[in-house]
There are 2 protein chains.
Amino acid sequence: MLCHTDYSEETLQALHTRLNPDKTVAIIDSNLRDGQRALLEPIFRVVPENRRLYLTGGEEVKSLGLVKEIALWLNRCRVTRHSLIYVVGGGSLLDFCGFVAAIYKRGVPIAYVPTTLMAMVDAAYGGKTAINTDDIKNLLGVFQEPNAILLDERFLTTLSDREILSGYAEVLKYALLEDDQFFAKVLTTDPLNNGMGLRELIDQCVTIKKRFVEADPYDLGIRQYLNLGHTVGHALEGFSHTLEPLRHPALRHGEAVMIGIIVELYISHKLLGFPLERMHQIVDFAKEFFSPYFFECKQYNDIINLMLQDKKNSGDDIAIIALRRIGEPMKINASRVQLRNAFDFYREVIGG
Amino acid sequence: MLCHTDYSEETLQALHTRLNPDKTVAIIDSNLRDGQRALLEPIFRVVPENRRLYLTGGEEVKSLGLVKEIALWLNRCRVTRHSLIYVVGGGSLLDFCGFVAAIYKRGVPIAYVPTTLMAMVDAAYGGKTAINTDDIKNLLGVFQEPNAILLDERFLTTLSDREILSGYAEVLKYALLEDDQFFAKVLTTDPLNNGMGLRELIDQCVTIKKRFVEADPYDLGIRQYLNLGHTVGHALEGFSHTLEPLRHPALRHGEAVMIGIIVELYISHKLLGFPLERMHQIVDFAKEFFSPYFFECKQYNDIINLMLQDKKNSGDDIAIIALRRIGEPMKINASRVQLRNAFDFYREVIGG
């Protein structure tokens, strides 16, 4: 597992000395193109203009069609297995480009420059790369660590509140997996205070993630605890993308995870006695920062069916990560009835 | 690196005991469907009929479009990371299915049952999986060993002479990398004598290949010697697929490698003094067993340009594997002029 380093002229130089690439290219989130020239300067100094590509991040980028287009672009740039790809963007762009780099000519070195809170605390670490196929999230992917992660929290100032909060749901997840102390710190930090205090939380999340990933790099055991909120979250995210977008805007990943946390902790409360007091703190936090998500009883089955396709499910059970209390995760099986009751709970307390 | 085992009820049982799959599926070359029921019986006993898929092998199968279709089929079969995929077919089908298995849900166990000589001596071993993109051979892929290789030379009786000879070009390549003794054995064995004597050659090729792959699994150093005949061969194979198929039938992989061996050894002769006597033995062998391939001076540049896209090329050189003598490979750079002269030589001596 790689340590992250800061994003500066010096760390880029050190990276080039280490890898000695025959060529560099950069794939950059197109939202950064115009306003963030100063932040992109270190990349621009090592990647010539004709080998920079701008792509719009977000789930839509993670498609097989774009894999082909980017592979052909890399080939036109004469990128070899001895080159270096920079990718500057959020979690989806890193997941996608990480996958392309892992399979292009059977693997090209890649350096991640995460620009969203979500990417900084979660997506950039652990080597999970992926694309979606039809409506099935992350159906194809590989485990492949990037060769470097270059972190600069100044990118956080480029984000909307909604993007910050989406990442903050992952920060909350790490706190729930860790201990009461970190949980209290996360609930008392204002995520929307211009990035103040976030770097410390980011570093703590990365430390926690590394601990799980090092113990179980291929996600066959305790790494699955990082999936807290994600069995339900992934399904809701996928579901939200199937609806008519003007009347039912799609959920961001972290927004879906926030709902997933509430649903899965409700089941944790019912089956494992997860404390009600903590449950209420989390619901209050969600009410303060996240819009309610509206869905109906008759849609429960569609959502549950999407869960059955989750990679973590072996056979036909719906496995979720539950908590006995903060810092004590375990994998349990939830029934359709338990999930339906937990959806009811979410809609009651959040008003969705 | 895996040892191969025979393809029998016992080895399949042992594999199931080792992996304990929650589900098995099989992807089978459709050419085997009708005539080879007896040979497929061991697979049929562990894979129910509704989880068997028939695909036509050959280069065409290695496409991104089919990656998607097969991934969705696996998903419909509810294949998980704890399942087991059997693939029964030739090199292209193994390369393709190996790639799909490596990226489906970030990796599912797979067992190869190679059915062609090419697959038995070469494709099944070493963990190279790949698909083509547009006309660029193996542009996307990963290194991923299968969990088992189940070998049964009875499948060789299902092959056409042309298929046997295509594989035999790879056998010749291994002999050229090994020593005069194995080379003499390869030239004095009749490849078309109903598989007689082939199992011994197959085992020797696999031993040689394993030695290179174990020393250099990611193909960054001496494993590239296995590329003898392939820089030119891959380019010619790709080139042959771009022509009008009725007047210019596409080359099989081994047929293209046979030409590549002659072209690259001619350059070896010119630059490194590879012995003329051996050169003539190889040309005589090629004349006895392979049809001449017709191409023209004005097509040389198209073929050479395809070589520049080869993964083994770092930057803009055209690297080929050359021999000082049998058993003494080295990587050298060839110029366009040297390649053109070597193409001329092939066309003169073979009559293409």
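A:Phe143 counts as buried because its relative accessibility is 17%; buried means under 20% relative accessible area, exposed over 50% and partly exposed in between, with a 1.4 Å probe and protein chains only. This is a predicted model, in which local features need pLDDT of at least 70, side-chain atom pairs count only at pLDDT 80 or more, and totals for chains, interfaces and linings use all residues; side-chain values use heavy atoms, with hydrogens and water left out, residues are numbered from 1 along each chain as its sequence is written, and chains are lettered from A and ligands numbered from 1 in the order in which they are written.

Over all chains, the structure holds 24 aromatic pairs. Rings of Phe, Tyr and Trp (its six-membered ring) pair if their centres lie within 6.5 Å; planes under 30 degrees apart count as stacked, over 60 as edge-to-face and the rest as tilted. The pair of A:Phe143 and A:Tyr218 is edge-to-face, because the ring centres are 5.4 Å apart and the planes stand at 90°. A:Phe143 belongs to strand β7 (residues 136-143) of chain A, while A:Tyr218 lies in the loop between α8 (198-215) and α9 (230-242) of chain A, so the pair ties together parts that are 75 residues apart in sequence. Helices (H or I, at least four residues) and strands (E, at least two) are DSSP runs, numbered from the N terminus. Elsewhere in chain A, one aromatic cluster is formed by A:Tyr293, A:Phe295, A:Tyr300, A:Phe343 and A:Tyr346.

## Arginines over rings

Which residue has its charged end over the ring of A:Phe143? It is B:Arg106, at 5.8 Å from the ring centre. In turn, A:Arg106 lies over the face of B:Phe143, 5.8 Å from the centre of that ring. A charge sits over a ring if NZ of Lys or CZ of Arg is within 6 Å of the ring centre and within 35 degrees of the ring normal.

B:Arg106 is placed in the loop between α4 (91-103) and β5 (110-114) of chain B. With 9% relative accessibility, B:Arg106 counts as buried. Its phi is positive, about 65°, although B:Arg106 is not a glycine.

## How the two chains are related

Two copies of a chain are related by a rotation about an axis and a shift along it. Here, chain B is superposed on chain A by a rotation of 180° with 0.0 Å of shift along the axis, and the RMSD is 0.0 Å. That is the relation of a two-fold axis. The same surface serves both copies, as 100% of the contact residues of chain B recur in chain A. The superposition is by least squares on the C-alpha atoms of residues with pLDDT of at least 70 in both copies.

Which residue of chain B comes closest to the rotation axis? It is B:Leu64, with its C-alpha at 3.8 Å.

B:Arg18 is in helix α1 (residues 9-19) of chain B and counts as exposed, at 52% relative accessibility. Apart from neighbours within four places in sequence, B:Arg18 is in contact (heavy atoms within 4.5 Å) with B:Asn147 and B:Ala148. A polar atom of the B:Arg18 side chain lies 2.8 Å from the backbone oxygen of B:Asn147.

B:Asn138 is in strand β7 (residues 136-143) of chain B. At 7% relative accessibility, B:Asn138 counts as buried. Phi of B:Asn138 is near 55°, a positive value in a residue other than glycine.

## Two loop residues of chain A

A:Leu159 lies in the loop between β8 (148-151) and α6 (161-178) of chain A. Is A:Leu159 buried or exposed? A:Leu159 counts as buried, at 14% relative accessibility. Leaving aside neighbours within four places in sequence, the contacts of A:Leu159 are A:Thr115, A:Thr116, A:Leu117 and A:Ile164. A:Leu159 and A:Leu117 are 42 residues apart along the chain, and their C-alpha atoms are separated by 8.6 Å.

A:Asn227 is in the loop between α8 and α9 of chain A. A:Asn227 is buried, with a relative accessible area of 7%. Its side chain makes a polar contact with the side chain of A:Thr231, at 3.3 Å. A polar contact is a pair of N or O atoms within 3.5 Å; within protein, one must be able to donate a hydrogen and the other to accept it, and residues adjacent in sequence count only if both atoms are side-chain atoms.
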